[in-house]
Every structure is written in structure tokens, then in C-alpha cells.
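Please open the structure in your viewer and keep the selection panel at hand.

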Amino acid sequence: MNLQTTRIAIVGAGLSGLYAAYLLEQQGIKDYVLLEARDTLGGRIASVAASGPLATGTATSAARIDLIDLIDRIDLGPAWFWPGYQPQLGRLVDELNLASFEQHEVGDTVMERSPHEPPARVRGYANSPASMRLTGGMGALTDALHRRLDATRIHTGQAVRRLRSTAQHVELDSQDVTDAQGQTTTWRAEHVLLALPPRLLESSIEFVPALPPALARQWRATATWMAPHAKYIATYDTPFWREQGLSGEARSARGPLGEIHDASMPGGSAALFGFFGVPSHVRQSLPEAGLKAHCRDQLVRLFGSQAATPKAEFIKDWALDPFTATAADLEGTGQHAQAPAATATSGPWAGRLTGIASEWSPQFAGYVAGAVEAAGLGVEGLRPLAA
């Protein structure tokens, strides 16, 4: 068994975990470890090259590949934020010198009001305050935080399986999921920041001794935002729908996509994305190629024949992601949950664990801004420890 010691352990390297580490380093606290089960950082924030995987044997230069990776990306997870009423997130975007732009909403919306009626154009509307996006996708935010952290403190491929409360420490057992042998490392920490959704934590990590029953019930009952959802994205050379006076927005009672938006990246590819309006078990009953074909057919109905030949297509089904969804999430409504208690107030876990994932945000539970708020509150609660 490999034994390591650290002052603070952060479980999960999505936005909340990365931001917590960023805040710790700003306060001069370097003795922490950030454990992530995936082989990539960002959690539910996932921005990928809009062109899809680069073909082998191309003459694309390394500099051009970097440009594609940094700018021409689409979001498989969250894409929008609203600095007008999410000021903490807005300040972080400014602090990290990230470029943002307004979601394109100019033009008419297309409606499919029933499976038996043809699509109809209706007057579109613009959100106020405007929905904002980041140049390079929401992954630009997690990338910027990652670049500012001590890389030696970040460990990917480490799935935390067990937490034990001892007389002096919390011990975390993490399994190396990249190793066929599944080597286990034990980390001793004074405090643990839990940057995973509460339901996922409660179902995938063994707590010894058990969490207080009321707290465990709260965490188990808290739906994980995005866990039941899936997105389809199609990229194109030009946003041809704009030439037709369409915004790229659509609502459909026919499907398979229930809600569609323009996902084009300024300086990059044109794109449309949609949220599937069918539940997880229906999506899983069809092969991915079949799902994509149904989505293309729908885009043709809504936006014309040019939609039939995208440059690239993506489906991200978060219900199939074992580091996001549990069985309890699959048939959920996908609504933002009310924040549960973030800590135990009595017993062996009191003062040793703090939930900092987005679901613990008092104001913006489930949103990107919620991850920033919850992580900030969690680190603020460590001030006696930092002193």
C-alpha cells in the first residue's frame, strides 16, 4: 500500500475542485492534493475540437493544432453563464483574462408544436441579461485554472473508493483506474473538500464510520445536474440558417431533440446543438449512428437541406458517464436541485468534510456559477485551518 500525507485533499477536479485549489494557492496553501478519477480535468465541463479527431497524415502544423484546440471548440457540457447576476463567476472570467461573447439569438425561432404539424417560424426573442459564452468553450475556464496550479498536486486516474475518519486524520483510499492491478494509494489529510455531486459521492464512496443518516439521505436525494441529459452537436462551414433569417433556436414536440440552439464559435466553426427530449432508456435502445441519423433528419426539417451534411457530429450522453450519473439519476427530470447540507454538524465527520460541488451552491445549484460559489464558501470555511 502506498501512503501519502497532505493537509487538504480535494476529491474531484471539475470546476469546483480546480477553483478550490486555485483559491488555496492564492492563500499560500501549497500542501494539498487534487484527486480525479477521469484521465482529463474539468468534470462536467467538456470542450472538444469542433472538427472532431484530426485525420492521421495531415500536414496541420503544431501551432495550428494548438489554435484549433484553444479556439474552435464546442461544449459537450455547460456552455452559458450570466455575469449580470452571477458576479463572482464574472469576476473570475475577467481575472483569468478570458474572452467572452453573447449567445447568438438574432432571427426567428422554429417550432414543431406536435408530431403531426409541419415546422413553423415564430418571432424569436433575446434573453435579458444576455447568455454569454467563452471563446474556446467553457473548457477555457478550467484550462486557465489548471495552468495556474502546481501540476505535481494533481493526480488523474485516481478514483476515491473509501474515506475513514481516524483520531487524527481522514484517510482516503484511491484506486488507480488506469492500472490493470488497480493499485491503491492511501492519503492522510486534515480536511477533505468533496468536489463531486452529493448523490454520486453517497453511492460510490464508502464512509467509515457511516455518514450521519440524515445527511446521507439528503445527499442521496439530491439530483445531479446534467446526469439525465444528452447533447447532440453538428458542425458546419457556415451558419447557413442565419442567411434564412433564423436564429438557430428551435423547440420541438416531435424530437428527438427538444431544444436547439446556435453553437457557433466566433473565429471557428458554425454549429447547432440540441438537448435530447427523449429519456435515457430510449436513447440507449438505439445505436449512436441511428441517433445521429434521426438528429440530422430533424435539423433538415427545421433548417433545410444544408443541415444534412455536417462536418462533424458529436453525442455526449451524460447518463452513460459513470463519474457523473447514478442509477437514480437516469429517469430524473433534470431540474436544478435545492442545495443539501454541505457538512456534518456532529459525530466523527464534523469539521472534516465539506461539499463544494455545484449542487451545494446556495444560489446557483447545478450551474457553472454554482461550482465557483460552493468552492469559494468551502475554502472560506478552512480559514481557521489555514491560519
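The stops below visit a strand, its two partners and then a helix in this predicted model.

**First stop: strand β2.** Select residues 8-11, which form strand β2. Is this strand covered on one face or on both? Both faces are covered: Ile8 and Ile10 lie on one side, Ala9 and Val11 lie on the other, and all four residues are buried.

**Second stop: strand β3.** To locate the pairing, display Ala9, which stands opposite Val33 in β3. Next, select residues 15-26, helix α1, through which the chain crosses from β2 to β3. This β-α-β crossover is right-handed.

Select residues 288-303, a helix of 16 residues. From its first C-alpha to its last, α9 reaches 22 Å, close to the 22 Å expected at 1.5 Å a residue. Which residues of α9 are buried? They are Leu291, Lys292, Cys295, Gln298, Leu299, Leu302 and Phe303. Turn the view to look down the axis of α9: the buried residues fall within an arc of 120 degrees, so they line one face of the helix. An α-helix has 3.6 residues a turn, so residues three or four places apart point the same way.

**Last stop: Gly304.** Finally, select Gly304, which follows α9 and has a positive phi, near 105 degrees.

Technical notes: Residues are numbered from 1 along each chain as its sequence is written. This is a predicted model: local features need pLDDT of at least 70, side-chain atom pairs count only at pLDDT 80 or more; totals for chains, interfaces and linings use all residues. Side-chain values use heavy atoms; hydrogens and water are left out. Helices (H or I, at least four residues) and strands (E, at least two) are DSSP runs, numbered from the N terminus. The expected span of a helix is 1.5 Å times one less than its number of residues. Buried means under 20% relative accessible area, exposed over 50%, partly exposed in between (1.4 Å probe, protein chains only). The arc is that of the directions from the helix axis to the C-beta atoms. Two strands pair if DSSP finds at least two bridges between them. A crossover is right-handed if, with the strands pointing away from the viewer, the path from the first strand over the helix to the second runs clockwise.
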